[in-house]
Amino acid sequence: MSADDHSPGSPARPYDQGAWWRDAVVYQVYPRSFADANGDGEGDLPGVLARLGHLADLGVDAIWLSPFYPSPLADGGYDVADYCDVDPRYGTLADFDALVAAAAAKNIKVIVDIVPNHCSAEHPWFRAALAAGPGSPERERFVFRDEPNNWQSVFGGPAWTQVPDEQWYLHLFDSGQPDWNWRHPDVVAMFERVLRFWLDRGVAGFRIDVANMLFKQEGLPDVVPGSQGGPLSPGHAAVPYEHQPELLDLYRSWRKILDSYSGDRGAAPVCTVAEMWFGHPDQARPYLKGDGLAQLFGFGLMPTPWSAEEFRTVIDTSHRLARETGGSIPWVLGNHDVPRMVTRFGVDQDLVRAPTPEVLLGRMDVDAELGARRARAAALLLLALPGGAYIYQGDELGLPEHLAIPDEARQDPMFERTLRTFMGRDGCRVPLPWSGATPPYGFGAGRTWLPQPEDWAALTVAAQRDDPGSTLNLYRTALAIRREHPALGDGDLTWLDAPAGVLALARDPGFTLMVNFGAEPVPLAWHHDVLLASGPLDGDLLPPDTGVWLS
Ligand code: NOJ
C-alpha cells in the first residue's frame, strides 16, 4: 500500500507509511479459552506459545490477545486490577516476553487489549477512592456523585452503585468495573505509562476497549429514555457518554507516543484498533479522518442475516467510508461478544433480524450443517474483501455457539444483570477443542472453566488437520492464496451483475468472488480457474450457501 491509495482529499497520516494492518489478517486469542499449558482447565500464555504452530500454519499476520492482566474476572478480565502485569492464572511477564519473541520468530505480531474506560473495583486507585471518602482527591479519578442520573449499564440494570458512605459511582458495565474520570490528569498520565510499558515489551498494537465512551459529557445529563443501546442493540442514537470530542485529542496524543516507537527506530508502526460500534458513518468519520486511530473494527457484518442484499449494503457502507476517509475498517464476522456465525447462520434469519426472548436464551432450532456451510462461504467473503480482517479463535474450526451451558456454569455478568433474560456471551467463549473424542479435547487435563459440548470430536484441530475438506484447511488455503494473490488485501472492489440472491465482485487483477445466498444453483461467472470453493461445486454451477474464488 502506498500513500497514493488514499482517495483525493483524504489526509495522509504519519503512520500510513508501512501501515501493515491495512492488509493484515489478525487472529483473536481469548487467552482463557485458547490453550491450557498447566492443566488447570483455564488457558494461559504458555498455552498460546505452545500452540503458535497452529497459528503459523493457519497463516495469520498477527494475534490480538484479549486481557490477561490481573483481574477478579467480574467481566472475563475486562475488569483490570493491574494494567502492567500478567494474572498468575495466565502466567508471568516472562511468559509474555517469551510469547512475543517466539511469535516474532514466526513473523506473527502481537496486539494487546487496553481497557481504558474502566478498571476493576480491585484496582488500587479505586480501593483508595473508597477508603478516602467523599470529596477526596482519590475519588476525583472516578465518577462519584451524591445522586445518580438515569444512565443504564450496557450489561443491564443501573449504571450506578451506592457505597456505604452513600455516594454513588458510575459503571457503564458491571458494578465491578468503575469508570475512570478521563478529565483527571492522573488518569491520562497513567494510561500513557501503560502504553509505554507494553510498547517497551515489543507489542505491535493495541485493541482499545469501548473506545467511544471514555469521556462523559460535562454535567452528566440524563439520557433521553429509550435511547440507550448496548451489545444487543448496537447502532443506537447518540448518548452523553459516547463520542465526546475530547476523544480525538486523546487518540492523537496516544499516536504521538506510538509513533515514537517506530519511525527513527526502524520498527513497523504501531496499530490501534478501536472497538466502536457505529450506527451511522457520521459517528465514525472523524476518527477515520483524524490522525489518531489506525483502525475501527467493521462490525457491520456480525448482526447481518444471511442475505445477499443485506450483506452488500453493509459492505458498501464500510468500504465507501474507508475509501472516502483513507481509514482502515477491517472486517469481522465473530468475536468473544457475539454468538458464533455457524449458529447465527443456522437459524431462521428473521430471528437474527429481530431476536425473540427465546433466542436471547438460546432456545431456538438450529440447523448446524446449514450454518456451517454458510459460515465457510462467509469466510471466503471475509478474506476476499478489500482491507484487513479479524478471525475469532475457533471460527477457523467452524465451532458453533454452545447453547446448552447450564445456568449455574455461566460466568458472563450479563446473564444475571439482565435478570437471566439473556444467556450472555459464554457460548462463544468455550475452551477450544484440540484433540481427542471427548471433553476436554486436549484442553488441559480435566474440567474446563466452561463446559464443552459432547459432540465436538469432529471439530478438533487434530481431526481437521489432515482432512483436505475441513474448515481448518479451507481457512489455511484461503490465507495462503491471499498472501500470494496480488488482487487480495487492501484495495478496491467492483460489483458484478449477478442473479438475485448472489453476490459477485471483482478485484484487480483477475480475481472474482461469488457467494450464493439464494436457494437455487447459479452459473459461475466467467473464469479460467477455480482457486478455492467453500463446498462442492456442481459442474459449472455454484450451489446454494456456497462461496467461490475464481481467477
Ligand atoms: C467490550 C469487550 O469486548 C467486552 O467483552 C467487555 O465486556 C466490554 N467491552 C466491557 O469492557
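1. Let's start with strand β1, residues 25-29, which is mostly covered: five of its five residues are buried. Buried here means under 20% relative accessible area, with exposed over 50% and partly exposed in between (1.4 Å probe, protein chains only). Strands are DSSP runs of E, at least two residues, and helices are runs of H or I, at least four residues, numbered from the N terminus. One face of β1 carries Val25, Tyr27 and Val29, while Val26 and Gln28 point the other way.

2. A quick word on provenance: this is a predicted model, so local features need pLDDT of at least 70 and side-chain atom pairs count only at pLDDT 80 or more, while totals for chains, interfaces and linings use all residues. Residues are numbered from 1 along each chain as its sequence is written, and side-chain values use heavy atoms, with hydrogens and water left out.

3. Who are the neighbours of β1? Strand β11 (residues 389-392) runs parallel to β1, joined by four bridges, with valine 25 opposite alanine 389. Strand β2 (residues 62-65) also pairs with β1 in the parallel sense over four bridges, and there tyrosine 27 faces isoleucine 63. Pairing requires that DSSP finds at least two bridges between the strands.

4. Now strand β8 (residues 271-274). Cys271 and Val273 point one way and Thr272 and Ala274 the other, and all are buried. Strand β7 (residues 205-208) pairs with β8 in the parallel sense over four bridges, and β8 pairs with strand β9 (residues 295-296), again parallel, over two bridges. Alanine 274 has a bridge partner in each: isoleucine 208 and leucine 296.

5. β8, helix α9 (residues 281-289) and β9 make a right-handed β-α-β unit. Right-handed means that, with the strands pointing away from the viewer, the path from the first strand over the helix to the second runs clockwise.

6. There is also an open sheet of five strands with antiparallel pairing, in the order β12-β13-β14-β18-β16. β12 (494-495) and β16 (530-533) stand at the edges with a single partner strand each, so one side of each lacks a neighbour in the sheet. β16 pairs with β18 (residues 546-550) over three bridges, with alanine 533 opposite valine 548.

7. Two helices pack on that sheet. Helix α10 (residues 308-325) touches β12 and β13 (502-507), and its direction makes about 35° with that of β13. Helix α17 (residues 471-484) touches β16 and β18, at about 145° to the direction of β16. Contact means heavy atoms within 4.5 Å; axes are lines fitted to C-alpha atoms, for helices over the stretch in contact, and angles run from 0 to 180 degrees between N-to-C directions.

8. How much of α17 is buried? 10 of its 14 residues are, so α17 is largely enclosed by the rest of the structure; among them are Leu472, Tyr475, Arg476 and Arg482.

9. On to the aromatics: a search of the whole structure finds 34 aromatic pairs. Tryptophan 20 and tryptophan 21 have ring centres 5.6 Å apart and planes at 75°, so this pair is edge-to-face. Rings of Phe, Tyr and Trp (its six-membered ring) pair with centres within 6.5 Å; planes under 30 degrees apart count as stacked, over 60 as edge-to-face and the rest as tilted. Tryptophan 20 counts as buried at 16% relative accessibility, and tryptophan 21 is buried at 2%.
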